[in-house]
Amino acid sequence: MQRPLEGVRILECGLYHAGPGGSAILGDLGAEVIKIEQPKIGDPIRVQKQIGNMSFAIKGDRSIFCEGSNRNKKSVTIDLKSEKGIKIVYDLAKKSDVFLTNMRPKALESLKLTYSILREINPKMIYASVSAFGNKGPDCNKGGFDYQGQARSSLMYCMGEEGMTPLVSQFGLIDQVTAIMTSHQILTALYMRERTGIAQEVHVSIMSSAMCLLYLNILIECMGGEVPRHTRSNEYPLRNYYKCSDERWIMMTLTPPDKMWSSLCKALGHPELEDDPRFNSMEKVHENAEKLITIFDEIFATRTLDEWLSIFAEYDLFCCAVNSLKDLAKDCQVIANDYLVDFNHPTLGTIKIPGYPVSFSESWAQTSSAAPDLGEHTNEVLMEITGHTAEEIKELKNEGVI
């Protein structure tokens, strides 16, 4: 079977993850992704071996961060500040379907890689740009990373319990959402081009992607007022999580609750709760939420997670384990659906990595190669795509252009 995007070529001039992560996703789908990097320097993500308390260093002087952002790509080193270097980029652009960048406007202008310039070179090419806060407004030229997306979108006030300080999520949550959104909009523009012949520029921002992730939260606030945080001790008891006897947690969501109440009471082994005057209507369950959660805490603490999952399955009650990252590799659904897959890494050997989240009946998608070494594909790309000879490539190297 073939891959969905075989034959599509993407030219990337990007840094870090928000943006480059999008072309990595398209690479999972079979697109050819050519990443342009500065000779001897490369994407700064290559040397990002530590952020805060988190180490990204792995065998082979590689960075986990770089692996996630640059899988499936070909690395070509070109000095973008030289006339010959920009000429090579233009030659590659002529034969590409998409140009992707998350450089800021001033940098793109100085390098002569703006949409208006590349559109003249290849009118059929999609130009995709990624920013921190959008391409309009007073902050359109400001930079930002994942944390700025979490902060400015309101995500940090949507996590944790009432009264807590703002909470930040590790790691790269909004960078990855931005990557997903970038890939989605590129696919949309490619589809429109195939259908109408019209190519265009698409723009995605870290902030817009974060707000899209929070769509329902923001909609609730817009239509009905402030959205509270989830406070386990007084949240609706049938939409909550509880600790089991083996210290693991179970999350249940029983909707509509009035139709699930009787089954839940039986599953818990306490049918008397169904007609308890404190809880014999959904309104009373809500009013006496703290009392019922205390009762549920005591009940759930009498059995293991697996025991409760088995019992709830008999009553078709919606629930699941609260997994840690380490639990994922043991989850039967993760294994059955290839949400984690084996991957042969050049320095780590056979390891598990996230699989592609969608399955296709007549094609396939998956990570096909690890992040490339800096400049690993320069000769190959220049020979096969731009038609440079071995002698010309040698001369460009001697001049420091590549």
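I began with helix H8 (residues 206-213) and noted that Ile206, Met207, Ser209 and Ala210 are buried there. I took buried as under 20% relative accessible area, exposed as over 50% and partly exposed as in between, with a 1.4 Å probe and protein chains only. These four residues lie on the same side of H8 because they cover an arc of only 165 degrees around the axis; the arc is that of the directions from the helix axis to the C-beta atoms.

I recorded that this is a predicted model, in which local features need pLDDT of at least 70, side-chain atom pairs count only at pLDDT 80 or more, and totals for chains, interfaces and linings use all residues. Residues are numbered from 1 along each chain as its sequence is written, and side-chain values use heavy atoms, with hydrogens and water left out.

I then looked up what covers the buried residues of H8: the cover includes E9, helix H6 (146-152), H7 and E10. Contact means heavy atoms within 4.5 Å. Helices (H or I, at least four residues) and strands (E, at least two) are DSSP runs, numbered from the N terminus.

H8 lies across E9 and E10, at about 70 degrees to E10. Helix H7 (residues 173-196) lies across E8, E9 and E10, at about 165 degrees to E10. Axes are lines fitted to C-alpha atoms, for helices over the stretch in contact, and angles run from 0 to 180 degrees between N-to-C directions.

Next I traced the sheet: 6 strands in the order E7-E2-E1-E8-E9-E10 form an open sheet with parallel pairing. Its edge strands are E7 (73-77) and E10 (201-205). Two strands pair if DSSP finds at least two bridges between them; 5 bridges join E2 (residues 32-37) to E7. I noted Lys73 in E7 as the bridge partner of Val33.
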